[in-house]
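Reader: I'd like to go through the labels in this model and hear what backs each one up. Can you take me through them?

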Amino acid sequence: MVDETTECTPLNTTEQDNTAVKTNVNKNTGPLSFKAKLVTLAAVLGGFLFGYDTGVINGALVQLGDSQPEWELTDVKKELIVSSAIWACAVGALSAGILNKYLGRKISMMSGAAILTGASFIMALAPNWQTLVFARAADGIAIGFVSMTGPLYIAEQLPLDWRGPMTVCYQLLITIGILTGSILAGVFEPVPNGWRWTLGLSCVPSTAMFVFMIFMPKSVRWLYFQGQTDEAERILKELRGTDDVETEMEEIAEDYRKTTNDKALGGKGCNLFLNMVRNTAVRRALLLGVMLQLFQQFSGINTVM
């Protein structure tokens with residue numbers, strides 16, 4: 001006689017784990033709330049500014065030689081005007097990590113927008129080429145802040161399924177910014193001192209971004225890492241449009257524990273980098289990203305733009 005108890009097999013633990021994973025993923029997906037859409041709009045403006053700054057200088061430089069003969073612009077001076085923003089952008093991007101850590105993503109974005117607005121006015125009113133170089137350098141630092149912080153802010157505020165698409169939108173806005181800058185440079189070409197208008201008009205999107213960011217929430221992840229867990233949970237509920245955010249809060253808590261453990265084990269500087277490259281998936285993604293940027297720069301696209 002067969003024991004009836006043997007006919008009732010329990011649910012396989014693997015199936016239970018898979019079910020739990022699916023449940024966790026589903027809680028971290030779904031349509032964007034209105035608040036999350038506003039967050040994305042505010043952040044992607046930084047991509048537009050990045051592109052506009054890249055596209056507008058080409059046309060402005062052509063006008064400069066004709067409208068400002070007293071500046072006696074040589075090739076070296078023109079190179080300084082263009083490259084000052086590029087080098088400063090690298091400095092700004094490297095500095096953004098420190099700014100993001102201690103002041104947060106929101107303040108970093110607002111700082112970049114404020115500097116961009118001020119720099120655009122200085123460029124528009126520049127009395128000599130040295131002032132223009134200085135303003136372009138300030139503009140580059142701010143672009144570095146924004147370009148480093150914008151995608152990070154988007155990724156930390158949006159549900160899992162939306163992080164990739166919205167970060168792609170940031171890149172798309174860079175291209176649209178380049179196109180807009182080039183078009184406006186052509187529109188203002190026949191206008192006397194039209195280069196002042198094209199460079200100064202960057203204050204419009206930078207001011208819009210600054211105003212937007214005033215009303216945007218701080219990064220949920222940054223708040224949690226600062227010990228402000230209640231505020232982080234409150235903002236996450238607003239962004240998701242639901243009170244069911246326990247799973248996502250647990251994921252952030254787990255990331256925090258891992259980061260804390262790494263620091264406790266002396267995981268700083270080179271150690272953190274080594275831990276990152278030892279991970280096969282991370283190493284491949286890092287290599288792909290670096291090579292794409294490398295080939296992009298070697299193609300000479302900056303010179304063309």
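This is a predicted model: local features need pLDDT of at least 70, side-chain atom pairs count only at pLDDT 80 or more; totals for chains, interfaces and linings use all residues.

Reader: Then why does Arg221 count as partly exposed?

Author: Arg221 has a relative accessibility of 22%, so it counts as partly exposed. Asp255 gets that label because its value is 28%.

Reader: What makes Arg221 and Asp255 a salt bridge?

Author: The term asks for a side-chain nitrogen of Lys or Arg within 4 Å of a carboxyl oxygen of Asp or Glu. For the side chains of Arg221 and Asp255, the N to O distance is 2.6 Å, and they meet in a salt bridge. Arg221 belongs to helix α9 (residues 220–225) and Asp255 to helix α11 (residues 246–264), so the pair ties together parts that are 34 residues apart in sequence. The structure holds 9 salt bridges.

Reader: How do you know that Glu233 and Lys237 form a salt bridge?

Author: Their closest N and O atoms are 3.7 Å apart, and that makes a salt bridge. Both sit in helix α10 (residues 229–240), and because they are 4 residues apart, about one helical turn separates them. Glu233 is partly exposed because its relative accessible area is 28%, and Lys237 counts as partly exposed at 27%.

Reader: Which residues are linked with Arg240 in a network of salt bridges?

Author: The network links Arg163, Arg240 and Glu248. In the bridge between Glu248 and Arg240, the closest N and O atoms are 2.6 Å apart. Both Glu248 and Arg240 are buried.

Reader: Now the helices: why are α3 and α4 called oblique?

Author: Helices here are DSSP runs (H or I, at least four residues), strands are E runs of at least two, and numbering starts from the N terminus. Axes are lines fitted to C-alpha atoms, for helices over the stretch in contact, with angles running from 0 to 180 degrees between N-to-C directions. Under 35 degrees counts as roughly parallel, over 145 as roughly antiparallel, 65 to 115 as roughly perpendicular, and the rest as oblique. The axes of α3 (residues 75–103) and α4 (residues 105–124) cross at roughly 130 degrees and come within 7 Å. That is why α3 and α4 are oblique to each other.

Reader: Which residues of α3 and α4 meet there?

Author: Contact means heavy atoms within 4.5 Å. Leu99, Asn100, Lys101 and Leu103 of α3 meet Arg105, Ile107 and Ser108 of α4.

Reader: Which residues is Leu38 in contact with, leaving aside neighbours within four places in sequence?

Author: Those are Phe212 and Met216. Leu38 counts as partly exposed because its relative accessibility is 23%.

Reader: How many helices and strands are in the chain?

Author: The chain has 14 helices and 0 strands. Of its 305 residues, 38% count as buried. Among contacts between residues at least 6 apart in sequence, 79% join residues at least 24 apart.

Key
Residues are numbered from 1 along each chain as its sequence is written. Side-chain values use heavy atoms; hydrogens and water are left out. Buried means under 20% relative accessible area, exposed over 50%, partly exposed in between (1.4 Å probe, protein chains only).
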